[in-house]
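Subject: Structure handover

Hello,

Here is the structure for you to take over. Please open it alongside this note. My findings follow below.

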Amino acid sequence: MTLGNHQEAFMQDVANILAYLHDNGYTVRGGDLQRSKEQQKIYFNQGKSKTLKSNHLLKCAVDLHIFRNGRLLQDKHDLQAIGDYWEALNNLNRWGGNFKTFLDVPHFERNIQPYFL
Ligand SMILES: [Zn+2]
């Protein structure tokens, strides 16, 4: 698969999760999708990211701020079913709420970084 093929498959999964969220009574505000190397370095130095090899650099990660009844959901347990849905869409998909070293609940990615960075 080319990088472009991965980016297209990722966006199809983003469409799927947005439909899933809206169908289930959530509202969503978008955050970062594409990120420059310079911006990644700033986040890394600020401790907001733990890697310089983010899937955001490849346009294969998006931060989704998910709300229920006007309240931003930040607790992993409130979002676990959504993360599970995301990871079931494709075996390359990872949800930041399941990261071992750094909890990042708004983060939804297709993990192609080992192949392209
Ligand atoms: Zn992210």
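Which residues have the most contacts inside the largest nonpolar core? They are Ile17, Ile66, Leu79, Ile82, Trp86 and Phe108, in a core of 19 residues. Helix α1 supplies the largest share, four residues. As a general point, nonpolar side chains tend to be buried together in soluble globular proteins. Please keep in mind that this is a predicted model.

Ile66 deserves a separate look. Leaving aside neighbours within four places in sequence, Ile66 is in contact with Leu21, Tyr26, Thr27, Arg71, Leu72, Leu73, Leu79, Ile82 and Phe108. Among these partners, Leu79, Ile82 and Phe108 are also on the list of core residues with the most contacts.

Next, the aromatics. The structure holds four aromatic pairs. One of them joins Phe10 and Trp86: the ring centres are 5.9 Å apart and the planes stand at 85 degrees, so the pair is edge-to-face. Phe10 lies in helix α1 (residues 3-23) and Trp86 in helix α3 (residues 76-89), so this pair ties together parts that are 76 residues apart in sequence. Both Phe10 and Trp86 are buried. Together with Trp95 and Phe108, Phe10 and Trp86 form one aromatic cluster.

Two arginines sit over rings. The charged end of Arg29 is over the ring of Phe67, 4.1 Å from its centre. The charged end of Arg68 is over the ring of Tyr26, 4.4 Å from its centre. Tyr26 has already come up above, as a contact of Ile66.

His56 and Asp63 are both buried.

Last, Gln113. This residue lies in helix α4 (residues 113-116). Not counting residues up to four places away in sequence, Gln113 touches Lys53, Asn55 and Leu58. Gln113 and Cys60 are 53 residues apart in sequence, yet their C-alpha atoms are 8.8 Å apart in space.

That is the set. Over to you.

Best wishes

Key
Residues are numbered from 1 along each chain as its sequence is written. This is a predicted model: local features need pLDDT of at least 70, side-chain atom pairs count only at pLDDT 80 or more; totals for chains, interfaces and linings use all residues. Side-chain values use heavy atoms; hydrogens and water are left out. Helices (H or I, at least four residues) and strands (E, at least two) are DSSP runs, numbered from the N terminus. Contact means heavy atoms within 4.5 Å. Buried means under 20% relative accessible area, exposed over 50%, partly exposed in between (1.4 Å probe, protein chains only). Rings of Phe, Tyr and Trp (its six-membered ring) pair if their centres lie within 6.5 Å; planes under 30 degrees apart count as stacked, over 60 as edge-to-face and the rest as tilted. A charge sits over a ring if NZ of Lys or CZ of Arg is within 6 Å of the ring centre and within 35 degrees of the ring normal. A nonpolar core is a set of buried Ala, Val, Leu, Ile, Met, Phe, Trp, Tyr and Cys residues joined through side-chain atoms within 4.5 Å.
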